[in-house]
Amino acid sequence: MRQRHDLLIVGTHVISMDPAIGDIPCADLLVRDGQIIDVSPHDAGREADDVQIIDAAGTVTLPGFVDTHWHLWNSLLRGTVGDRPGTDYFTVKRALAPHFELDDFYWAARFGLAEAISGGITTVHNFDHNVRGPQDADANVRAHLDSGLRGRFSYGPPDSAASATTNDLDDLAALRARWPGDRLDGRLDFGVALRGPYRTPPEVYEREWATARSLGLPITMHCDRCLREEGCRSCGLVRLEELGLLGADVQIVHAVHASGQDIQALARTRTRVSLSPMTEMRTMGFPLLTELLEAGVQVSLSLDTLAMPTSADILGHLRTIVSVEAARTGSSTVTPRRLLQLATIDGAKDLGLDDRVGSLTPGKRADIVILRSTDINLVPSGDPVEALVYTGQIDNIDTVIADGRILRRHGRLEPADDAENPVLMAATRRDALLRRAAAAGDWPAHDTPPKPADQGNP
């Protein structure tokens, strides 16, 4: 496991995301044993003989970004999914998912998490909807811990599982026994990814909900009827409320066709919503960000998948969102600062981590991103918040710190403790995956794509 360092970050413009601290144009941050100890105006006379000093003049520092819904297992499918006929996400995913080996799950997750680091994302919710057994789950947990990042692993069914089959509910309980808190370094917790009443019968979803709640596990569920029902204008969330399936322990993903009644059901039950605007606009419709925020729904942001294909360019995503919402609604609700809140402290709230991360607050864990504010695309600058959202790029990221460990420095990923490069390993594993699928007759031996599949679980 990577070593933590006591750090003093000196002379940076802090965007704390903590209303009590606010923004400090020239500040110092002291970190000890992975915890933020102090955030205060720069003191040139501060003695710091026992810490590693990071000279952060000409930078902006903010909390690490929080991604609340990411299918890490299919990161290997990037470059295989495309726009040609038969290369759509669902066709490729369903053809290749059965051929994943244990090492594929590990390196797919490591690859996705390495890209997360490059984009300043320090917390990732791994929504795994291709868990084929306990070993697959364990491979994901190991990958997350080895990456150095924080997050949640949500245990789902195998890809394209029969609707009458439940998740591996026995292993849900066993997972925590195999991975007690002292093995998780305080950086990972567990949840459950369920399909819900529009994909499974009552005897399945009722048992799954009851088991998850008896174990105290948070629930996440796709709400994407728009992918299967032409002319869909409702997510059916009022029905979920009536069934007792919504609540503060539930995260709904997408819900791009939520009706006004659906949105009110979310607000009444304090159900959280994770929006993935880049994939939603590509395959589903416009995310209802303004409507959800104005109704008081707890909203967060997510990447969804690298396979669509997308990238961990969170600043580019925020820039797209603010422009789309301005054109779509004309509302002033979605501002650059509000978007940074969604990507940091609101993401932490969604995952129940806001007492630990999401803001640069003394006492919280040191998940920190430092960006060069002197790069050409960020000067001249008036409001640094607006500059980051309107013209910022992930290339501006100089340093990424997660739980006090430096994972990116001077714009380059710091090597992990193991010798393997996750980028190279992902390419190798992807090529071997395609060969196995071709040998089984589920993938063409050459470049001819397979026939399109029906759309379904993203």
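In which loop is Arg 132 found?

Reply: This is a predicted model. Arg 132 sits in the loop between β7 and α3, the helix of residues 134-147. Its relative accessible area is 37%, so Arg 132 counts as partly exposed.

Next, its contacts. Leaving aside residues up to four places away in sequence, Arg 132 touches Ala 97, Pro 98, His 99, Phe 100, Glu 101, Phe 105 and Pro 158. Asp 159 is 27 residues from Arg 132 along the sequence. In space, their C-alpha atoms are 8.2 Å apart.

β7 covers residues 121-128. Helix α2, residues 102-118, lies across β6 and β7. The helix runs at about 150° to β7.

Both strands belong to an open sheet of eight strands. The order is β6-β7-β8-β9-β10-β11-β12-β13, and the pairing is parallel. The edges are β6 (65-70) and β13 (298-301). Each has a single partner strand, so one side of each is left without a neighbour in the sheet. Neighbouring strands are turned by 25° against each other on average, direction ignored.

Follow the sheet onwards from β8. This strand, residues 150-155, runs parallel to β9 and is joined to it by five bridges. Gly 151 stands opposite Leu 188 in β9. Between β8 and β9 the chain passes through helix α4, residues 169-178. That β-α-β crossover is right-handed.

β9 spans residues 188-194 and is mostly covered, with six of its seven residues buried. Three bridges pair β9 with β10 (residues 219-223) in the parallel sense. Here Leu 194 stands opposite Met 221 in β10. The chain gets from β9 to β10 through helix α5, residues 202-214, and this β-α-β crossover is also right-handed.

Arg 272 has Gln 298 of β13 as its bridge partner.

In helix α1 (residues 89-96), seven of the eight residues are buried, so α1 is largely enclosed by the rest of the structure. The buried ones are Tyr 89, Phe 90, Thr 91, Val 92, Lys 93, Ala 95 and Leu 96. Their cover includes α14 (422-439).

Helix α11 covers residues 336-343, and its buried residues are Pro 336, Leu 339, Leu 340, Leu 342 and Ala 343. Seen down the axis of α11, these fall within an arc of 155°, so they line one face of the helix. An α-helix has 3.6 residues a turn, so residues three or four places apart point the same way.

Last, the cysteines. A disulfide is a covalent bond between the sulfur atoms of two cysteines. A search of the whole structure finds zero disulfides. Cys 223 is in none, and the nearest cysteine sulfur, that of Cys 235, is 3.5 Å away. The cut-off for a disulfide is within 2.5 Å between the sulfur atoms. Cys 223 is buried, at 5% relative accessible area. Cys 26 is partly exposed, with 35% relative accessibility.

Key
Residues numbered from 1 in each chain as written. Predicted model: local features only at pLDDT ≥ 70, side-chain atom pairs only at ≥ 80, totals over all residues. Heavy atoms only, no water. Pairing = 2+ DSSP bridges. Helix = DSSP H or I, 4+ residues; strand = E, 2+ residues; numbered from the N terminus. Axes fitted to C-alpha atoms, helices over the stretch in contact; angles between N-to-C directions. Contact = heavy atoms within 4.5 Å. Buried < 20%, exposed > 50% of the residue type's maximum accessible area, 1.4 Å probe, protein only. Arc of directions from axis to C-beta. Right-handed = clockwise from strand over helix to strand, strands pointing away.
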